[in-house]
Amino acid sequence: MAKLKVAILISGRGSNMAALLEACADGRVDAEVVLVGANRPKAGGLETAQTAGVPTAVVNHRDYADRPAFEEALHAALVASGAEVVCLAGFMRLLTDGFVSRWLDRLVNIHPSLLPSFKGLSTHERAIEAGVRFHGCTVHFVRPAMDAGPIIAQAVVPVLQDDTPDTLTARVLEQEHRIYAEALGWIAAGRVRVEGERVLISPA
Ligand code: GRF
């Protein structure tokens, strides 16, 4: 059977992207990364992707008059790559309903908190301030509302008394890399189905 074609969208260093590339390269995930796209020409992850021999594209949001025009160009690049599934990996642009519905249940995101807690930015600082004992990360299908959508995978990490945002970030990031690859593996194996707000994973 043909491998699932995946595009990854980034805005920055792309450590999650690198984890997905590695998992596809070593066979943990039966998928082919056909494109790494960035909305920022200076995204560090672009170089990582190029070194790995993966096609890259920059669709700079600053080059477009408005969000729909930017998204039209992004959509065109994704379609041209042949991508069937799109993974957002530190992609820092909000996507409109129009874009999201075109990729419904084929658009995946990783967020550094246990959703639905701590949507948005600075999740680690906010988790420490809130005094929660457990924090973590979530891989989910994207819906128009920010950091919302059916949850595919989560990982939990304890919040330690002497944690700083940096130490907590590092501990969560390690789990992000693990569960994003695992979740994409399930999708690539055709084991994932969305039912209402829930994601059901069929046995291997
Ligand atoms: C990750 O923590 C991701 O969950 C969040 O932004 C960060 C991106 O890191 N959305 P990287 O670019 O994957 O290294």
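Reply: A residue counts as buried under 20% relative accessible area, as exposed over 50%, and as partly exposed in between, using a 1.4 Å probe and protein chains only. The structure above is a predicted model, in which local features need pLDDT of at least 70 and side-chain atom pairs count only at pLDDT 80 or more, while totals for chains, interfaces and linings use all residues. Residues are numbered from 1 along each chain as its sequence is written, and side-chain values use heavy atoms, with hydrogens and water left out.

Me: Does D147 count as buried or exposed?

Reply: With a relative accessibility of 15%, D147 counts as buried. D147 is in the loop between β6 (134–141) and β7 (151–158). By contrast, E47 lies in helix α2, and E47 is exposed, with a relative accessible area of 59%. The C-alpha atoms of E47 and H75 are 22 Å apart in space, although these residues are 28 apart in sequence.

Me: Which residues are buried in helix α1, and what covers them?

Reply: Helix α1 spans residues 15–25, and its buried residues are N16, M17, A19, L20, L21, A23 and C24. To read what covers them, take a contact to be heavy atoms within 4.5 Å. The cover of the buried α1 residues includes the strands β1 (4–10), β2 (31–38), β4 (85–88) and β5 (107–111), together with the helices α2 (45–51) and α6 (165–188). Just after α1, G27 takes a positive phi of about 90°.

Me: How do I read the packing of α1 and α6?

Reply: Axes are lines fitted to C-alpha atoms, for helices over the stretch in contact, and angles run from 0 to 180 degrees between N-to-C directions. Here α1 and α6 pack at an angle of about 45°, with their axes 9 Å apart, and that makes α1 oblique to α6. The words for angles are roughly parallel under 35 degrees, roughly antiparallel over 145, roughly perpendicular from 65 to 115, and oblique for the rest. The crossing of α1 and α6 is right-handed; a crossing is right-handed if the near helix is turned clockwise from the far one by less than a right angle, and left-handed if anticlockwise. The contact is made by S15, N16, A19, L20, A23 and C24 of α1 with L173, E176, H177, Y180, A181 and L184 of α6. These residues divide into eight nonpolar, three polar and one charged, where Ala, Val, Leu, Ile, Met, Phe, Trp, Tyr, Cys and Pro count as nonpolar, Asp, Glu, Lys and Arg as charged, and the others, Gly among them, as polar.

Me: How do the axes of α5 and α6 cross?

Reply: The axes of helix α5 (residues 123–130) and α6 come within 9 Å and cross at roughly 115°, and the two helices are therefore roughly perpendicular to each other. In this pair, α5 passes α6 in a right-handed crossing. H124, E125, A127 and I128 of α5 make the contact with P165, L168, T169 and V172 of α6, and by class this contact has five nonpolar, two polar and one charged residues.

Me: Which residues does L168 touch?

Reply: Leaving out residues up to four places away in sequence, L168 touches H124, A127, I128, H135, V157, P158, V159 and D163. L168 is found in helix α6 and counts as buried, at 0% relative accessibility.

Me: How many aromatic pairs does the structure hold?

Reply: The structure holds one aromatic pair. The ring centres of Y64 and F70 are 6.3 Å apart and their planes stand at 55°, so the pair is tilted. Rings of Phe, Tyr and Trp (its six-membered ring) pair if their centres lie within 6.5 Å, and planes under 30 degrees apart count as stacked, over 60 as edge-to-face and the rest as tilted. Y64 counts as partly exposed at 31% relative accessibility, whereas F70 counts as buried at 2%.

Technical notes:
Helix = DSSP H or I, 4+ residues; strand = E, 2+ residues; numbered from the N terminus.
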